[in-house]
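Let's take a walk through one protein model and look at how some of its pieces sit together. Have the sequence and the 3D view at hand as you read.

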Amino acid sequence: MFSYLELLRPLNCLMAAAAVFTGGMLVIGWDINMLFTPSPLYLAMAAAFLITGAGNAINDCVDVDADRINKPKRPIPSGRVQKRNALLLAVLLFVLGVFLSGFINWVAFIIALFNSVLLTIYSFRLQNKVLMGNLAVSYLVGSTFLFGAASLGSIVMPAVLMVLAGLANFSREIIKDLEDIEGDRVGFLKRVTTGITKPIAERFRITGKGVRLKYKKRHALFIAELSLLGAVILSPVPYLWGILGMNYVFVVALADLVFLYCILRMFRYKSKKDLTEVSKKIKYGMFMGL
């Protein structure tokens with residue numbers, strides 16, 4: 001049972017639920033009394049948890065070959081969870097998440113359905129496309145604020161937080177791609193050698209010197225640095241627009257310091273170890289900001 005829970009990556013699911021909660025509380029003005037009354041926001045949090053877990057599970061099903069190299073201790077490549085069972089679990093969680101959102105309102109239902117479809121398309125088609133997959137995931141992360149607000153009848157106010165979360169996550173997704181390059185390279189070669197003419201791993205090309213990236217790592221890191229810097233520059237906007245108060249400024253300043261440190265580490269990149277640290281630190285910064 002623990003292996004199936006690990007497959008969902010519960011910390012990511014909890015962060016999604018917390019972002020939904022934040023988006024909803026922005027709409028009602030942080031009314032603490034709401035916490036003790038029935039609210040569609042709780043349904044939205046549960047739906048976000050389930051759909052996020054489903055997306056993680058189906059992604060692991062698709063990435064099993066690369067994960068045998070990059071992350072062999074994950075439930076599927078380690079043999080603790082069968083790929084077929086993981087896929088069935090993902091479908092079940094998608095259905096439950098969208099079903100719950102249907103009891104909220106039609107806007108929340110459409111967001112939940114669209115995100116579920118996008119998560120599936122991402123796993124099978126988008127994740128290895130240069131930048132497109134990163135953009136898709138960044139939207140999905142930011143849309144959790146939108147989903148929470150929609151559950152309480154508004155989608156305008158959390159738009160800024162959606163952009164901030166999206167920028168930070170876009171940077172992290174690029175870093176994760178670079179971190180996993182060796183396993184993805186093996187997956188690319190496997191598809192080529194088995195006669196598949198259009199490999200999913202479209203970030204690579206075959207040259208006289210072997211399998212190479214279609215882009216330079218330094219260029220990808222530069223885009224990641226710009227995206228994270230954009231999140232830092234825009235972070236005061238919720239305070240300046242009167243959406244959030246001074247407490248937000250203090251907390252987001254700590255997150256910004258973490259992000260600036262990550263930008264410096266990217267600039268001084270030397271090895272995969274640096275990428276692993278940056279990826280973790282960006283996640284910590286996002287958690288602090290959230």
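Helices H2 and H7 are oblique to each other, a word kept for angles that are not under 35 degrees (roughly parallel), over 145 (roughly antiparallel) or 65 to 115 (roughly perpendicular). H2 covers residues 10–28 and H7 covers residues 132–151; they pack at about 50°, and their axes are 6 Å apart. Here an axis is a line fitted to C-alpha atoms, for helices over the stretch in contact, and angles run from 0 to 180 degrees between N-to-C directions. The helices themselves are DSSP runs (H or I, at least four residues), numbered from the N terminus.

Before going on, two notes on the model. It's a predicted one, where local features need pLDDT of at least 70 and side-chain atom pairs count only at pLDDT 80 or more, while totals for chains, interfaces and linings use all residues. Residues are numbered from 1 along each chain as its sequence is written, and side-chain values use heavy atoms, with hydrogens and water left out.

Which residues of H2 and H7 make the contact? On the H2 side you'll find Ala16, Ala19, Val20, Thr22, Gly23, Gly24 and Val27, and on the H7 side Thr144, Phe145, Phe147, Gly148 and Ala149. Contact means heavy atoms within 4.5 Å. Sorted by class, that makes 7 nonpolar, 5 polar and no charged residues. (Ala, Val, Leu, Ile, Met, Phe, Trp, Tyr, Cys and Pro count as nonpolar, Asp, Glu, Lys and Arg as charged, and the others, Gly among them, as polar.)

Now for the rings. The structure holds 2 aromatic pairs, meaning rings of Phe, Tyr and Trp (its six-membered ring) with centres within 6.5 Å; planes under 30 degrees apart are stacked, over 60 edge-to-face, and the rest tilted.

| Pair | Centre to centre | Angle of planes | Kind |
|---|---|---|---|
| Phe99 and Phe103 | 5.1 Å | 80° | edge-to-face |
| Phe114 and Tyr139 | 5.9 Å | 75° | edge-to-face |

Phe114 lies in helix H6 (residues 106–126) and Tyr139 in H7, so this pair ties together parts that are 25 residues apart in sequence. Phe114 is partly exposed at 46% relative accessibility, and Tyr139 is partly exposed at 24%. Phe99 and Phe103 are both exposed. The cut-offs are under 20% relative accessible area for buried, over 50% for exposed and in between for partly exposed (1.4 Å probe, protein chains only).

Last stop: Leu100, in helix H5 (residues 83–101). Leaving aside neighbours within four places in sequence, Leu100 touches Leu43, Ala46, Ala47 and Leu50.

Definitions and conventions
Helix = DSSP H or I, 4+ residues; strand = E, 2+ residues; numbered from the N terminus.
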